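Dear colleague,

Please find below the structure that I am handing over to you. My findings follow directly after it.

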Amino acid sequence: MRARRDLLLLLGIASCPIAAWAASSDRSSCPRGVGPQFAKYYNDPETFTCISNPSIKIPFSAVNDDYCDCPDGSDEPGTSACSHLSRLSPWTSSDHPAGEGADRTPALPGFYCPNKGHRPAYIAFNRVNDGVCDYDICCDGSDEWARVGGIKCENRCKEIGKEWRKMEEQRQKSLTAALRKKKELVAEAGRLTKEIEDRIADLEVEAAAQENKVRALEADLEKIVREERRKAAQGKGKGKVGALAGLARNRVNELREALATVREQRDESRARVKELEEILSKFKEEYNPNFNDEGVKRAVRRWEDYAARGTAGDYSQDAERDRNLDEIAQADGPNFGIDWEHWENQDEGEASFVLKLLAYLPPSLVEVLEDKFTFLRDLLVSSNILSRGEPDAAGESTAVTKAREALDAEKAQVERTRQSIETHREDLGQEYGAQGVFRPLKDVCIRRDSGEYTYEHCFLSQTKQIPKKGGGTINMGRFEAIKTVQVDDVNEAGEVQTVSKLALVYSSGQRCWNGPARSTTVILECAEENEILKVTEDEKCIYSMVVTSPVACDDTTTTKGSQDEGYKDEL
Ligand code: MAN
């Protein structure tokens with residue numbers, strides 16, 4: 001037997017003394033209640049050394065004698081004698097003979113239930129021999145070995161283990177499916193990010209082209225303005241009346257050209273109407289009235305009504321007006337009886353000296369002087385020494401207005417493109433969680449009825465309370481951040497543990513009457529579907545939601561809950 005123990009130790013597998021397993025345990029290797037990873041402390045058949053206090057040694061016969069000898073309780077792995085020990089309330093130095101300096105933190109996690117046919121587990125020492133069968137942890141009933149009050153806890157590990165494995169298989173299946181969905185979300189996030197990057201690149205090209213166009217349009221406008229100024233300088237350096245007459249003459253010429261175009265279009269339309277009328281008139285003459293076609297008859301009737309009101313030939317009353325228009329349309333005609341030359345050459349004594357001067361200079365020199373003049377004039381105008389002598393926007397020519405409008409429109413377009421690039425860049429800089437997994441979920445909304453409200457959670461956007469009996473929707477917070485929060489969770493053994501969970505924080509919602517602005521913490525749990533499991537109002541207008549989603553699944557964990565994966569070989 002010693003040779004076997006040595007071999008096990010050599011292999012790193014702990015064993016226990018013969019006396020101990022023969023006398024105090026129904027297991028073949030260790031004292032009752034000792035888990036495999038602590039077996040190595042129970043090897044000496046003569047003496048037991050307290051695990052956390054190696055200076056304290058007791059005879060091995062004192063192990064599991066229902067008296068707490070070790071400050072860390074390691075001598076009572078199979079009884080409740082040391083159950084008063086707690087990690088939260090360690091002994092004071094006077095409580096124990098070991099005195100000051102002794103480590104009184106329990107060395108063992110609890111009473112070890114082998115649970116053959118299921119999974120081994122540790123149960124709290126105060127539940128050992130308390131007269132209750134704790135099948136949720138100890139399905140083999142081994143914690144009630146003393147049969148206190150005559151209780152006998154039969155071994156139910158076979159059926160409980162079977163049921164657990166069935167559920168575990170189901171759990172694993174949905175975890176696998178959820179992880180697949182998470183993977184898809186990550187892939188989708190990558191695609192969306194790439195799309196935005198590509199869009200930014202395209203928009204940059206568009207913006208550059210639009211900026212080039214702006215420069216070209218600026219040059220066009222400048223050229224047109226210069227041209228008009230030159231004309232004004234050369235032709236009408238005769239004072240305000242002269243300048244006005246020049247502008248009016250230009251405008252009249254523009255109107256004349258527009259009039260000619262409109263008349264051309266009118267004549268074309270008249271010719272077409274005439275042609276149509278002839279077709280219809282012929283149709284009326286040639287159709288067969290005996291042929292009982294309601295559609296044709298109706299068309300003929302309508303033509304007759306139309307023809308009764310007169311046809312396209314009747315433009316005789318327009319002849320006189322057309323003659324007048326013909327006269328107006330002649331570029332060198334009488335021009336409404338206005339002697340433009342006379343008015344353009346009016347010099348009422350206020351003519352700009354500069355304009356007068358420019359009229360006598362060659363065009364190339366005018367251009368150079370014009371810039372200097374513009375600078376000087378602007379300076380004088382801004383100093384209120386000179387009034388602005390140029391025509392205002394209302395007196396601007398069509399060509400200048402058109403050029404200015406084209407420039408303004410293109411500038412606005414550049415502004416929109418740049419804004420769009422900025423918005424996309426901001427989006428790329430946004431926090432969307434590891435690998436951008438939340439990106440495809442943005443603005444995806446899920447709902448749950450609870451009490452008098454339907455609650456809504458829109459991922460990375462907002463949370464809402466929608467009253468079922470009507471009334472306004474209440475905003476419970478706008479998205480602020482992705483965080484990790486610490487929450488209490490009950491594990492499979494029914495113990496409360498503090499665990500880290502992924503959470504979405506929503507704040508600055510609708511202000512609560514006499515209270516804070518509403519806020520919500522959405523705690524995420526791993527599952528295949530996005531679903532609101534629970535909504536609670538933890539404090540007035542401070543809410544928490546438990547929401548399942550594949551994004552919360554941890555790819556590194558495939559199984560959960562086993563207290564010690566190393567115990568698997570016990571099954
Ligand atoms: C509404 C809801 C409640 C909240 C009260 C506070 O009824 O938003 O959740 O507690 O307002 O006045």
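An oxygen atom of the ligand lies 2.6 Å from an N or O atom in the side chain of Gln465, a polar contact in the sense of a pair of N or O atoms within 3.5 Å. An oxygen atom of the ligand is likewise 2.9 Å from an N or O atom in the side chain of Arg518, and a polar side-chain atom of Glu537 is 2.6 Å from an oxygen atom of the ligand. Taken alone, the ligand exposes 300 Å², of which the protein buries 70%; accessible areas come from the Shrake-Rupley method with a 1.4 Å probe.

Please note that this is a predicted model, in which local features need pLDDT of at least 70, side-chain atom pairs count only at pLDDT 80 or more, and totals for chains, interfaces and linings use all residues. Residues are numbered from 1 along each chain as its sequence is written, and side-chain values use heavy atoms, with hydrogens and water left out.

The residues around the ligand (a heavy atom within 4 Å) are Tyr453, Gln465, Ile474, Cys512, Arg518, Glu537, Lys540, Cys541 and Tyr543. By class, this shell has five nonpolar, one polar and three charged residues; Tyr, Cys and Ile are among the types that count as nonpolar, while Glu, Lys and Arg are among the charged ones.

As to the protein chain overall, 35% of its 571 residues count as buried, that is, under 20% relative accessible area with a 1.4 Å probe, protein chains only. Its secondary structure comes to 10 helices and 12 strands, taken as DSSP runs of at least four residues (H or I) and at least two (E), respectively. The chain exposes about 34200 Å², and carbon and sulfur atoms supply 53% of this area. Among contacts (heavy atoms within 4.5 Å) between residues at least 6 apart in sequence, 51% join residues at least 24 apart.

Ala107 is found between strand E2 (57-59) and strand E3 (111-113) and is buried, with a relative accessible area of 17%. Leaving aside residues up to four places away in sequence, Ala107 touches Phe38, Ile51, Ser52, Asp72 and Ser74. The C-alpha atoms of Ala107 and Ser74 are separated by 5.8 Å, although the two are 33 residues apart along the chain.

Finally, a search of the whole structure finds seven aromatic pairs, with ring centres within 6.5 Å. The rings of Tyr42 and Phe48 have their centres 4.8 Å apart and their planes at 20°, so this pair is stacked (planes under 30 degrees apart). Tyr42 and Phe48 are both buried.

Yours sincerely

Methods. Buried < 20%, exposed > 50% of the residue type's maximum accessible area, 1.4 Å probe, protein only. Polar contact = N/O pair within 3.5 Å; in protein donor to acceptor, adjacent residues only side chain to side chain. Phe/Tyr/Trp six-rings, centres within 6.5 Å; stacked < 30°, edge-to-face > 60°.
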